[in-house]
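Welcome! Please take a look at the model below, and then we will walk through a few of its features together.

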Amino acid sequence: MKLPSQDTAARNQEPVSHHVQLPRFPAGPLRQVGRRLLIALLVMVTTVLLVYLDREGYHDNADGTVDFLDSVYYSTVTLSTTGYGDIVPHSDGARLTNVLLITPLRVLFLIILVGTTLEVLTERTREQFRLNRWRSALRDHTIVVGFGTKGRSAVQTLCATGLRKDQVVVVDPNHKVIETANAEGFAGVVGDATRSDVLLRAEGQRASQFVIATQRDDTAVLVTLTARQLNKNATIVAAVREEENAPLLKQSGADAVITSASAAGRLLGLSVHSPSAGAVMEDLIQQGSGLDLIERPVVKSEVGKQVRETDDLVVTVLRGHRLLGYDDPEASPLQATDRLIVVVRARPAAE
């Protein structure tokens, strides 16, 4: 099996440097420009009113008096720091108004004029601060490699089971895919997940789970090897297309391997034989609606009971590393360290 270092999705675009993208919701460009123009206009109007109301304290070298047009003219040259000197404040009140009010307005006006440059600088600083704070707070999160159909469905299921969006980091070589993940509220890292430095940017060494949903099986193998080398204790779940590649994923360090093509084929075959049974199976694997298949610990009141005596419908008992069917004689009585795979009624989203 060939082992390329890039996923299929990355073949259709130019190589990009890997970086972190946090979700954000900026205002539209027209709104930003309109807001700046409105603020500049308000500053101009305020300055004109201040000068006009105190016009007796100003002297015009042309005719000695200051009218409304002179107030507009003086405000314009003052805010732009041109300062021709033909109109000057000569009374104490006018000079005090210039010091306490017009000078701050001039500074504000200049900030608006050079706002683009300042915005670039402040945006970089703010983004770096956000990244540093995000990295320091990120612990026991879930890294999803690949945000195609499989990856997006996996994230939706995880969120339906209670995982917060800020605990999910999406890794994909396509920056447009990461932008889509950002739009849905997930942080993302643009880059090739087969490289350890990319997973380090996603804080892979501190992650608790990896969901590997790449387009190619060979890429999934490389990502699994990289993730396992970086994090020995994380749970790694990977998806492959061909069932023959599942053992290779297991050897690479995956805790669970899902064969997407075979699983879809089995569901198709079941639906042909019994459409109702196929609908029930699809309902079970779709979290948040109808019936849910979940894993939970044995509660204190269930210890020592038979499997059929529990309140929930038990499918399997997990004892150590053994899976015991509900009808297995060894499954009963239940032990305190057991975990149960049960079918429950999905709870409303508000709960």
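## A helix with a nonpolar patch

Where is the place of Leu38? Leu38 sits in helix α1, which covers residues 29-53; helices (H or I, at least four residues) and strands (E, at least two) are DSSP runs, numbered from the N terminus. Together with Leu41, Leu42, Val45, Leu49 and Leu53, Leu38 makes a nonpolar surface patch of about 610 Å².

## How to read this model

This is a predicted model, where local features need pLDDT of at least 70 and side-chain atom pairs count only at pLDDT 80 or more, while totals for chains, interfaces and linings use all residues. Residues are numbered from 1 along each chain as its sequence is written, and side-chain values use heavy atoms, with hydrogens and water left out.

## An enclosed strand

## A buried threonine in a loop

Thr214 belongs to the loop between β7 (209-212) and α8 (217-230). Thr214 is buried, with a relative accessible area of 3%. Its side chain reaches the backbone oxygen of Arg216 at 3.0 Å, and a polar atom of the Thr214 side chain lies 3.4 Å from the backbone nitrogen of Ala220.

Terms used. Patches are made of residues with over 30% relative accessible area and no salt bridge: like charges are joined within 9 Å, nonpolar side chains (Val, Leu, Ile, Met, Phe, Trp, Tyr) within 5 Å. Accessible areas come from the Shrake-Rupley method with a 1.4 Å probe; for residues, only the protein chains shown count as cover. A salt bridge is a side-chain nitrogen of Lys or Arg within 4 Å of a carboxyl oxygen of Asp or Glu. Buried means under 20% relative accessible area, exposed over 50%, partly exposed in between (1.4 Å probe, protein chains only). A polar contact is a pair of N or O atoms within 3.5 Å; within protein, one must be able to donate a hydrogen and the other to accept it, and residues adjacent in sequence count only if both atoms are side-chain atoms.
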